[in-house]
Amino acid sequence: MEFDFAEEQPKFLMLMYGLIAFVAVVGGLLLLLDVVPAWFARRREAQLVAASVSGAPLPRRRKQGEGLFALFFLLPTVLLLTVGLVVPAIRTTLLSLMDGSSTNWVGLRNYSWMFSEGSIVRVLINTLIWVVLVPLVATGFGLIYAVLVDKARFEAVAKSLIFLPMAISFVGASIIWKFVYAYRGEGDQIGLLNQIVVSLGGEPKQWLLESPLNTLLLIVIMIWIQAGFAMVVLSAAIKAIPGDIVEAARLDGVSPWQMFWRITMPSIRPALIVVGVTLTIATLKVFDIVRTSTNGNYDTSVIASEMYNQAFRYGQNGQGSALAVFLFILVIPVVIYQIRNLRQQREG
């Protein structure tokens with residue numbers, strides 16, 4: 001197949017225009033962020049020099065000017081949030097109250113469908129299983145890693161190996177684990193898991209076709225990726241525990257188990273909450289692993305993958321939007337809890 005540059009020229013022009021626009025916008029913002037503060041700084045410096053030479057009192061900063069200055073920098077952020085978050089959220093909410101073609105209003109019918117359709121109820125149950133197991137198990141493994149690796153001889157190497165899956169995309173990790181779960185009939189197995197089963201005298205299985213086992217096997221992929229993140233955060237929290245507290249506990253003769261529960265766990269509680277909340281939000285939005293591994297088939301679909309299927313594969317914009325709104329509603333309490341927790345930490 002020969003490449004015809006003339007036919008592809010419009011695409012290249014669109015790409016070039018996009019790159020030029022990106023460079024212009026980003027470059028302009030960077031230039032603006034450099035020039036405007038520098039101008040205000042030079043102006044303030046000139047006022048201070050003039051006041052010191054003439055012996056006049058130093059000029060005070062004007063609160064109104066500072067407010068306009070802050071508004072100047074907040075305006076792009078507010079604009080981007082409005083265009084990229086607020087407007088799409090309102091539009092999605094309106095679409096969730098309409099039919100699949102987005103032409104007729106159907107009220108809350110899409111939401112009643114969500115809780116009455118058996119396949120969608122299965123999706124919600126799968127999402128609940130993900131949200132319960134992934135943060136709990138990943139945080140648990142991360143804590144075990146952090147405690148065992150802390151102050152070990154090859155701590156840096158061990159942490160690098162454990163954290164390495166975080167450098168792999170969800171799609172890449174899913175492809176790797178699909179080879180682990182691969183099934184090749186009764187002959188030689190290329191899947192690591194089936195090869196281990198055959199070596200132990202068992203029969204190979206099509207792991208990703210058996211429900212609910214396949215959902216648990218997909219959860220393993222997420223845990224494998226996120227345990228390194230939990231380990232890094234919790235390890236930093238453990239190292240931040242004041243040494244005098246640890247030394248005082250050792251002088252009191254506490255056992256390692258008592259040290260863990262009475263000193264380590266209370267001290268790293270804020271880090272545990274941060275890790276748990278972060279993993280919960282990431283798990284609620286999980287899409288890549290399910291899409292790459294099973295495409296949501298064999299009772300493995302979750303809210304994000306089903307939302308995509310309804311909206312873009314089946315042409316049901318209303319039902320897809322209802323799932324998106326429901327997912328957004330699920331995330332809101334977790335975010336509010338995290339904000340309140342951070343506020344309490346600052347006040348404490």
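Which residues of the largest nonpolar core touch the most other members? In this predicted model, they are Trp130, Tyr181, Leu218, Ile221, Leu234, Ile268 and Ile289, out of 42 residues in that core.

**The nonpolar cores**
- Take Ile221 as an example: leaving aside residues up to four places away in sequence, Ile221 touches Ala173, Ser174, Trp177, Tyr181, Ile289 and Ser293.
- Another core, of 18 residues, lies apart from the largest one, and its members include Trp113, Met114, Ile273 and Phe326.

**How helix 4 meets helix 8**
- Two packed helices can be described by the angle and the distance between their axes.
- For helix 4 (residues 118-149) and helix 8 (residues 213-239), the axes come within 6 Å and cross at roughly 40 degrees.
- That angle makes helix 4 oblique to helix 8.
- The crossing of helix 4 and helix 8 is right-handed.
- Sorted by class, the contact between helix 4 and helix 8 has 21 nonpolar residues, six polar residues and no charged ones.

**A look at Arg340**
- You will find Arg340 in helix 14 (residues 317-347).
- With a relative accessible area of 53%, Arg340 is exposed, because the cut-off for exposed is over 50%.
- Arg340 and Gly84 are 256 residues apart in sequence, and their C-alpha atoms are 25 Å apart in space.

How values were computed. Residues are numbered from 1 along each chain as its sequence is written. This is a predicted model: local features need pLDDT of at least 70, side-chain atom pairs count only at pLDDT 80 or more; totals for chains, interfaces and linings use all residues. Side-chain values use heavy atoms; hydrogens and water are left out. Axes are lines fitted to C-alpha atoms, for helices over the stretch in contact, and angles run from 0 to 180 degrees between N-to-C directions. Helices (H or I, at least four residues) and strands (E, at least two) are DSSP runs, numbered from the N terminus. Angles under 35 degrees count as roughly parallel, over 145 as roughly antiparallel, 65 to 115 as roughly perpendicular and the rest as oblique. A crossing is left-handed if the near helix is turned anticlockwise from the far one by less than a right angle, and right-handed if clockwise. Ala, Val, Leu, Ile, Met, Phe, Trp, Tyr, Cys and Pro count as nonpolar, Asp, Glu, Lys and Arg as charged, and the others, Gly among them, as polar. A nonpolar core is a set of buried Ala, Val, Leu, Ile, Met, Phe, Trp, Tyr and Cys residues joined through side-chain atoms within 4.5 Å. Buried means under 20% relative accessible area, exposed over 50%, partly exposed in between (1.4 Å probe, protein chains only). Contact means heavy atoms within 4.5 Å.
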